[in-house]
Amino acid sequence: MKTCGDRPVPTASRIIKYKTCLIHFSSSFITSVECSARLPELNRHRSCAALLAKRFPFSSVMASYHKPDEKTLQGLRDIANKLRINSVKATCASNSGHPTTCCSAAELMSVLFFHTMRYKATDPRNQCNDRFVLSKGHAAPILYAAWAEAGFVKEADLVNLRKLDSDLEGHPTPKLEFVDVATGSLGQGLGAACGMAYTGKHFDKSSYRVYCMLGDGECSEGAVWEAMAFGSHYNLDNLVAIIDANRLGQSEAAPLKHDMDVYRKRCEAFGWNTYVVDGHDVEELCKALWQAQQVKGKPTMILAKTFKGRGLKGIENMENWHGKPMPKDRAEEAIKDLEALIQNPNKTICPELPKEDTAPADLSPISLPSPPNYKIGDKVATRKAYGVALAKLGQSSQRVVALDADMKNSTFSEMFHKAFPERFVECFIAEQNMVSVAIGCATRDRTVAFASTFAAFLSRAYDHIRMAAVSESNINLAGSHCGVSIGEDGPSQMALEDIAMFRAIPTCTVFYPSDGVSAERSVELAANTKGICFIRITRPELKVIYDPDEKFEVGVAKVVRQSDSDKVTVIGAGVTLHEALAAADQLASEGKSSSWWPGRELHHKRCPGPLFIGCLHRRDKSDLFSPIWTFDSNWAS
């Protein structure tokens, strides 16, 4: 650190607070937000501060910031209390929900939705709109209340919260046009927001910004910090995260309670531009969110000190109120108190419209530009064929993007990386975040995302994959090094449960190609199949058994060998397909005929058992012969 006499000179990481301003000096800009006075600290750096102030005049920066007029500020306060009222009413009507966590976020939502964000209230999913992710999904009632205030949701419908025939569920899902990703499994929203911000900055190259609100309790999840590392690594300056630090978790206080300095140090250590604000002061929030828009090269974290149950007498900042609606008599009293705070109940504040600089999504089918270039009998690993096909699809469509978890030279996604580095996202060894980033990239059909790693390591991201299905996402996941065929690496690297894992996911289509031709066609099919797709690829080289022009369909099996004298049906897929062929040859040597099928579970959705019986028919609709033998690669093998 440089010194001025015996005192350290403030650098880009040093912060000096003076009177009502927090001043952050760097080589190119000064940022500021309102905070409490710290005159002793200023005195310690008086001479250094004077030099820096001469170089970076504070007034020149603040000149472009215009404080909202008092009517606007009061309007935002009024909206915050309206949001509280509607959150209390909705949770009372459903006799369940989280009114206290809604109340802590009221000013945050008011300023975001009615002062900062740019969007078309009548078209929530417009591609030009700013994005908002409510990572603390249990605060859904206040999100619904905000969209009612914006005019998209009927206010009368808010009391249908959590009813069986209502889309206003206890946690938000994309059944609602203003929700991009389902949240509620805590810790996952910021990763998806990172994917949206990366897409906006690097793929769409558009001006829309991404905002994500987290709870302080969910910051104990490691996935949050994976996303924090990703956001700063890729300089996502179009991303703003807000932590609603209301101190209280579900059963007790959150670990850091209201130690805002520790929060700040952690966020800054992860490379984020960070502000600490009073989360119930709309003027501070307006200023901090404006300042976040001026910062370049870093994402911004706003640490909002709030109080759970804000505005609810006898409940605010009290424990044991998480997830509990207010009793009717107390709710009525609280609503009257909140209504008394509203000065202009009929004042409307309309959000600013977005810039029209984002093209509509291209939804045209994506095809391989050329057929697989293999001959029957050639040997190729299906993981390599995956990389070849991915690079080919990249030629066909600008929407195709690839992500990997530092395995690109094993999954062969490096082929895409070499061909289209600007559309490749290295997520490093953070599989949970990779899945969430892919989900974010795929929202609003902005991209067709393929994410790859070892199949075994996708198991740690299982809850993110489960939530991808709830999010109605169309991501494609490729898992390599599956089964016991990679025995030399040991069981820690073997994916033995991955097929069962993905088959349990609603909307998921599982592909298990058996050679280079079927692998390339699986990638092509996945790019055009709605819902989550899992492509299971292997390390060993396998003989090509299909002609390059062979046609493949989801849910349709293929008979490779058959005769009128067949006595046994043998089914396999992937590596085990080739073992099944060897078994068929052995049966033939013993004078027993067999039909051989590459298990088309690999191209079928939601198979109810070890194999999908409905596809086990010949093309002439006659049944196959029994007994049926299946070949698998799992713990019992």
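Guide: Let's start with Cys267, which is buried, because its relative accessible area is 1% and buried means under 20%. Please keep in mind that this is a predicted model.

What does a search of the whole structure find in the way of disulfides? It finds 0. A disulfide, after all, is a covalent bond between the sulfur atoms of two cysteines.

Now for the loops, and a point of backbone geometry. Most residues other than glycine have a negative phi. Lys257 has a phi near 50°, a positive value in a residue other than glycine. You will find Lys257 in the loop that runs between β8 (239-245) and α10 (260-269). With a relative accessible area of 45%, Lys257 is partly exposed.

Arg444 also deserves a look, with its phi near 55°, again positive in a residue other than glycine. The loop holding Arg444 lies between α16 (431-442) and β14 (448-454). Is Arg444 buried or exposed? Arg444 is buried, because its relative accessible area is 13%, and the cut-off for buried is under 20%.

Let's finish with Lys175, placed in the loop between α7 (140-150) and α8 (189-203). Its relative accessibility is 48%, so Lys175 counts as partly exposed; exposed would mean over 50%. Which residues does Lys175 touch, leaving aside its neighbours within four places in sequence? Its contacts are Asp167, Glu169 and Glu472. With Glu169 there is a polar contact, made side chain to side chain at 2.9 Å. Ser471 gives a view across the sequence: 296 residues separate Lys175 from Ser471 along the chain, while their C-alpha atoms are 8.5 Å apart in space.

Note on methods. Residues numbered from 1 in each chain as written. Predicted model: local features only at pLDDT ≥ 70, side-chain atom pairs only at ≥ 80, totals over all residues. Heavy atoms only, no water. Helix = DSSP H or I, 4+ residues; strand = E, 2+ residues; numbered from the N terminus. Buried < 20%, exposed > 50% of the residue type's maximum accessible area, 1.4 Å probe, protein only. Contact = heavy atoms within 4.5 Å. Polar contact = N/O pair within 3.5 Å; in protein donor to acceptor, adjacent residues only side chain to side chain. Disulfide = S-S within 2.5 Å.
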